[in-house]
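Take a walk through the contacts that link the parts of this chain. Start with the charged pairs, then turn to the nonpolar side chains.

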Amino acid sequence: LENLKNDKDNLEAYIRELDENLAEVQEMIRRLTAAMEEKQAVIAQTETEIAQTQADLEAARDTERSQYEAMKLRIQYMYEAGDVEYLELLFASRSLSELLNRTEYITGMMEYDREQLLLYQETCQSIQEAEARLEEEHAKLEQEYAQLEQIKEVNEESEADLEALMDAKNTELDGFDSEIDEATTEIENYTRAIKEQEDRIREIEEKIRAAKMPEEKKE
């Protein structure tokens, strides 16, 4: 009975240790789930930013195309009109100031077109770089999420193993309780049998003493 009780105590201590390990694994799973949810929210935000960046890039490209088409029309007009019309425009100036203004206007218009095209090209390049950076960040986030998911799966497998082991040990513990009950019953039976034998022995001893007493009186 003492051996059974000691084995039961050891098993209960082991089950408590398993329960602590299970609690740690479950806490790890909880933290991993929270981290995955947070990572998923960041991924969704990044996807939104990528979509917005792509929209901005397309808008910038549309503006660049529009500006480019407008500049081509002006160049085509200047080519078709020829230098004579521009010379007439300049010579029609009534003063040096007006001549300079018209010359500056023509030059400025061409310079404006060139600057605007450069500006839109720089904007497109900047947006493309931002898009590439966001896509790289998105890929990194996806990789980190996959790693978290893999770690979570490992922990969930550990959780299942621990729960199965705890179930087996609790079943084993129930078996100890049954064995202890049986041993206790057996001890009680032995104790009762011993008492009955002791009572029987006392009865025999009393009969022996009673049988000797008349003989002792005769002597």
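Arg 202 and Asp 199 join their side chains in a salt bridge, with N and O 2.1 Å apart. The model is predicted, and this distance is computed from it. The two residues sit three apart in helix α2, so about one helical turn separates them. Arg 202 has a relative accessible area of 42%, so it counts as partly exposed. Asp 199 is partly exposed too, because its value of 23% falls between the 20% limit for buried and the 50% limit for exposed.

Asp 199 has a further partner. Its side chain also meets that of Lys 195 in a salt bridge, at 3.2 Å from N to O. Lys 195 and Asp 199 both belong to helix α2 and lie four residues apart, again about one turn. Lys 195 has 49% relative accessibility and therefore counts as partly exposed.

The whole structure holds seven salt bridges.

Which residue pairs with Glu 144 in a salt bridge? The partner is Lys 39, and the closest N and O atoms are 2.7 Å apart. This pair spans two helices: Glu 144 is in α2 and Lys 39 in α1, so the bridge ties together parts that are 105 residues apart in sequence. Glu 144 is partly exposed, because its relative accessibility is 25%.

Now the nonpolar side. The largest nonpolar core has 13 residues. Leu 4, Leu 11, Ile 15, Leu 162 and Met 166 have the most contacts inside it. Two elements each give two or more residues to this core: α1, residues 2-91, and α2, residues 96-218. Helix α1 supplies the largest share, seven residues.

Look at Leu 162 in detail. Leaving aside residues up to four places away in sequence, Leu 162 touches Leu 18, Asn 21, Leu 22 and Val 25.

Finally, consider Val 154, which is placed in helix α2. Is Val 154 buried or partly exposed? Its relative accessibility is 46%, so it counts as partly exposed. Val 154 and Ile 29 are 125 residues apart in sequence, yet their C-alpha atoms are 9.5 Å apart in space.

Note on methods:
Residues are numbered from 1 along each chain as its sequence is written. This is a predicted model: local features need pLDDT of at least 70, side-chain atom pairs count only at pLDDT 80 or more; totals for chains, interfaces and linings use all residues. Side-chain values use heavy atoms; hydrogens and water are left out. A nonpolar core is a set of buried Ala, Val, Leu, Ile, Met, Phe, Trp, Tyr and Cys residues joined through side-chain atoms within 4.5 Å. Buried means under 20% relative accessible area, exposed over 50%, partly exposed in between (1.4 Å probe, protein chains only). Contact means heavy atoms within 4.5 Å. A salt bridge is a side-chain nitrogen of Lys or Arg within 4 Å of a carboxyl oxygen of Asp or Glu.
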